[in-house]
Amino acid sequence: MLIGEVARRSGVSARMLRHYEELGLLRPSGRTGSGYREYAGEDIRRIFHIESLRSLGLPLREIGRALDGPGFTPAALLDDLIRRTRDRVAAETELLTRLRRIDAADPADWEDVLQVVALLQALRSHSPEDRQRAALSTADGVPVPVEALVEAVLRETDASVAGALRWALARADAGDGVGTGGGGDGGAALLAEGLDSPEAAVRERAVRSLAELPGAAAAAHLREALAHPDDAVRAYAALALGAHGADGPDDPALLDVLLDMIVAGRNDTDAADVLGVLARDTAAADRIAAALAARLARLDGGPPDAPARGRLAQSLAAVPGPVASRVLRELARDGDPAVALTATYLLRLHGAE
């Protein structure tokens with residue numbers, strides 16, 4: 001069979017067949033009397049073998065070794081191809097992500113494109129100073145995609161840089177930046193996904209960043225975080241919601257988390273301060289005082305519970321109103337001298353002895 005017929009039947013061009021011959025991959029079995037290449041059935045099978053290995057991504061220069069090498073093992077070849085393919089897919093995926101982020105920044109011209117590229121590179125710099133400058137540069141109108149800022153803030157370990165990134169993210173998500181794609185649930189939703197990270201540090205960065213985002217979307221994700229299995233996530237969410245006035249005593253989940261923090265001695269002073277903020281009127285103060293009393297009643301006063309009861313009693317200091325005063329009068333007669341002394345002192349402060 002001559003080269004033209006082989007090309008037609010195999011789908012491999014005559015030019016490529018000659019290239020295979022130059023590389024030593026293919027040698028026609030014979031020649032015609034006129035000197036034309038003549039291919040036998042075995043040659044055709046080899047062409048299909050070459051094409052099969054090419055379809056797997058194996059470079060031409062390695063196909064000969066795979067087909068002719070005495071020590072060739074398919075397993076080793078396949079492992080190598082899998083590794084190369086993974087590397088290639090990872091590189092292409094990273095490029096696609098970068099292109100999508102540049103597109104999300106809605107650049108007006110090529111100068112904007114170059115600025116976004118420089119910003120994305122700086123956010124991944126090994127230098128904390130470069131990362132911080134990149135975050136602060138968003139104030140100069142550099143278009144920045146919210147997704148890139150979320151990714152940066154979730155992996156950032158430097159406290160100063162993290163603060164700058166949270167500021168930039170809050171600004172971008174509010175739509176204050178140029179071409180950020182913000183102004184919606186974008187940043188908040190992406191941060192909320194970070195709450196499901198298997199790494200505790202990432203979950204903490206996510207909830208802290210959510211706490212600094214403005215808007216109802218971030219607040220809604222923080223409310224959902226009150227039921228999160230991670231104690232730290234629940235605590236950050238409760239402190240953020242309480243500090244901003246949220247629903248306060250009308251939100252049982254928020255109140256429960258704050259009381260849990262006080263009982264556990266985890267950021268208990270901050271939790272007590274938030275209770276004081278939420279006790280903004282008599283009705284709210286009375287509901288908080290009643291919840292504190294109920295939690296006190298659940299603790300039997302034994303050695304394991306004594307410190308927790310003391311912290312709960314101290315938390316009544318920031319809660320005004322008649323119910324708080326009544327609870328303090330009852331605690332002034334408590335069997336635990338430390339609790340009774342604390343309640344007596346707080347009663348003087350309340351002017352309700």
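1. Let's start with a term: a residue counts as buried when its relative accessible area is under 20%. Keep in mind that this is a predicted model. In helix α6, the buried residues are Asp112, Val113, Val116, Leu119, Leu120, Ala122 and Leu123.

2. What do the buried residues of α6 pack against? They have four partners: α5 (74-104), α7 (128-136), α8 (146-155) and α9 (159-173). You can find each of these by its residue numbers in the structure above.

3. Now for pairs of helices. Two packed helices are described by the angle between their axes and the distance between the axes. Take helix α10 (residues 186-194) and helix α12 (residues 216-225): their axes cross at roughly 20° and come within 8 Å. Angles under 35 degrees count as roughly parallel, and α10 and α12 are therefore roughly parallel to each other. The crossing of α10 past α12 is right-handed. On the α10 side, Ala188, Ala189 and Ala192 make the contact, while α12 brings Ala217, Ala218 and His221. Sorted by class, that contact holds five nonpolar residues, one polar and no charged ones.

4. Next, look at helix α11 (residues 200-212) and helix α13 (residues 231-243). Their axes lie 9 Å apart, at an angle of about 10°, which makes α11 roughly parallel to α13. From α11 come Arg203, Glu204, Val207, Arg208 and Ala211, and they meet Val233, Tyr236, Ala237 and Ala240 of α13. In this contact there are six nonpolar residues, no polar ones and three charged ones.

5. Helix α13 has a further contact to explore, with helix α15 (residues 268-278). How do the axes of α13 and α15 cross? They do so at roughly 30°, coming within 9 Å, and α13 and α15 are therefore roughly parallel to each other. The crossing of α13 past α15 is left-handed. Here Leu239, Gly242 and Ala243 of α13 meet Asp270, Ala271, Val274, Val277 and Leu278 of α15. By class, the contact of α13 with α15 has six nonpolar residues, one polar and one charged.

Technical notes
Residues are numbered from 1 along each chain as its sequence is written. This is a predicted model: local features need pLDDT of at least 70, side-chain atom pairs count only at pLDDT 80 or more; totals for chains, interfaces and linings use all residues. Side-chain values use heavy atoms; hydrogens and water are left out. Axes are lines fitted to C-alpha atoms, for helices over the stretch in contact, and angles run from 0 to 180 degrees between N-to-C directions. Helices (H or I, at least four residues) and strands (E, at least two) are DSSP runs, numbered from the N terminus. Angles under 35 degrees count as roughly parallel, over 145 as roughly antiparallel, 65 to 115 as roughly perpendicular and the rest as oblique. A crossing is left-handed if the near helix is turned anticlockwise from the far one by less than a right angle, and right-handed if clockwise. Contact means heavy atoms within 4.5 Å. Ala, Val, Leu, Ile, Met, Phe, Trp, Tyr, Cys and Pro count as nonpolar, Asp, Glu, Lys and Arg as charged, and the others, Gly among them, as polar. Buried means under 20% relative accessible area, exposed over 50%, partly exposed in between (1.4 Å probe, protein chains only).
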